[in-house]
Amino acid sequence: MKHLLSAGDLSRDEAVRVLDTAAQMAATQAREIKKLPTLRGRTVVNLFFEDSTRTRISFETAAKRLSADVINFSAKGSSVSKGESLKDTALTLQAMGADAVVIRHHASGAPHTLARSGWTQGAVVNAGDGTHQHPTQALLDAFTMRRHLVGDGGRADVAGRDLGGVRVAIVGDVLHSRVARSNVQLLHTLGAEVTLVAPPTLVPVGVGSWPARVSYDLDSMLADGPDAVMMLRVQRERMSTSGGGFFPSPLEYTRSYGLDARRIGLLPEHAIVMHPGPMNRGLEISADAADSDRAVIVEQVSNGVAVRMAVLYLLLAGETTNVKVDGK
Amino acid sequence: MSSGTAVPADGTPTGAARTEPAPAAPDATVVLGPPEISRALTRIAHEILERNRGGSRLVLLGIPTRGLPLAHRLAARLADVEPGLDAAALVGSLDVTMHRDDLAHHPTRAIGATDLPAAGIDGKVVVLVDDVLFSGRTIRAALDAISDLGRPAAVQLAALVDRGHRELPIRADYVGKNLPTSTSERVRVLLEETDGRDAVLIEGAR
């Protein structure tokens, strides 16, 4: 593995390896001294062209816990606002000796361009590009599901296991969601069954080719007994007006597709509720659903650090193969 | 792994399966067989108890892959001699991968589990257990890992085989067998738990 650009690039074995490594990383994060010397002397650049709180902080924490040097770069307040291109920004970072570039960009495919262009020799990690991919989010979601739903919840017994037979409902704004795209691919690779639940207007064109079923009715899907329900954020910044013509009104969306206490009551005993954050409380998820004991939303955040530590470890710790830019 | 032998280089997930059966090289010489290994461990167990005046403060930390089964065997022998000891509560595993100084020179290694006994290691006498003591770099990594986990009263080192060629000022307190080797030779330790049989082999001897 040289870059992490798309959840679809991971084979089952590679994905399980990331999850197993993340489990060991998570164990180190329970210690009093959380810092490890593993990536001492390596430099990780967080290149963020789009706003983000948890992903950037999560990557920064992960890199620092492994003793890498972290340089944070956000487009706001940088030369990008003077019109600098991605290429020149990348060449600057290369000149500064970045071993890994964690990139978030509003344009789908920007990380791919960066990885294949030869502008930087470091590993490229996609931290979310447009409406395309967010592979580390999918990995941390899979990690969270494996912890709760596979084996008896112990850490050691799930090593080497995938998500075979786990049933997952992904609910909400699938159209604009890179989280949904990455999760569908990764969960399918790991053997889980995915059902997308969304109003017809928020289902992307071409969904028929995805390895997932589609449903328009949340209540019947929940009554069907999924093991995990993943609520997606309604991305109103990517819609023009309040509902953007995608749904009549926020209230109507909430009635049909919002998760509330009543709908949680429909779920089986063991099912977990997930959300990639940031949440629109009162829109796609009610406050009592978000704070219920079924919700693992806060745990997803701490698992995110462990998963990103694992990704950085697997990309950076081994033999330096930076000579060739292409090829995993 | 100081021997340069035992860790699966391709990063097979530890704990998922036994290490692949070691194909014995045609020129391998068996240096220790099952009875010798058993006797060496019994002697080391007695030495540990003698040196530390009993086993009340002991913790045995095995370094994966093959240090861990050795630590379990030592603990069982300690418990045989000192009836008050609980063998299972003595043993932990200490993965040193993330503290190694040679990560950049090898393909990415799989990270093993670190599990400390419930009582922790603060104020205890920690006996590190490894199969082969070679350059000493694994032990240096282990000492760093220990200092992140707590502050033991003392750290001692037990190795089944000491093959020499130290690159750091490190020595073992308990040695099963001193094995003079040349650097071109490979020393392999095979254990029932990981490889299906007990043996210490030297390969590449001319």
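Select chains A and B together: 18 residues from chain A and 18 residues from chain B form the contact, where residues are in contact if their C-beta atoms, placed from the backbone, lie within 7 Å. On the side of chain A that touches chain B, helix α1 (residues 12–28) supplies the largest share, 5 residues; helices are DSSP runs (H or I, at least four residues), strands likewise (E, at least two), numbered from the N terminus. That side has 8 nonpolar, 6 polar and 4 charged residues.

This is a predicted model, in which local features need pLDDT of at least 70 and side-chain atom pairs count only at pLDDT 80 or more, while totals for chains, interfaces and linings use all residues. Residues are numbered from 1 along each chain as its sequence is written, with chains lettered from A and ligands numbered from 1 in the order in which they are written.

Next, colour chain A by domain: domain 1 covers 7–133 + 302–316 and domain 2 covers 135–300, bounds that come from an automatic or database domain assignment. Their C-alpha centres lie 25 Å apart. In domain 1 of chain A, 27 residues are in contact with 24 residues of domain 2 of chain A. The largest share of the domain 1 side, 9 residues, comes from α1(A).

Then select helices α5 (residues 135–149) and α11 (residues 297–316) of chain A. Among the residues that meet here are A:Leu140 and A:Phe143 in α5(A) and A:Val307 and A:Val311 in α11(A).

Finally, select residues 126–138 of chain B. The end C-alpha atoms of this span lie 16 Å apart, and the span is 15% helix and 62% strand.

Notes:
Contact = placed C-beta atoms within 7 Å. Nonpolar A, V, L, I, M, F, W, Y, C, P; charged D, E, K, R; others polar.
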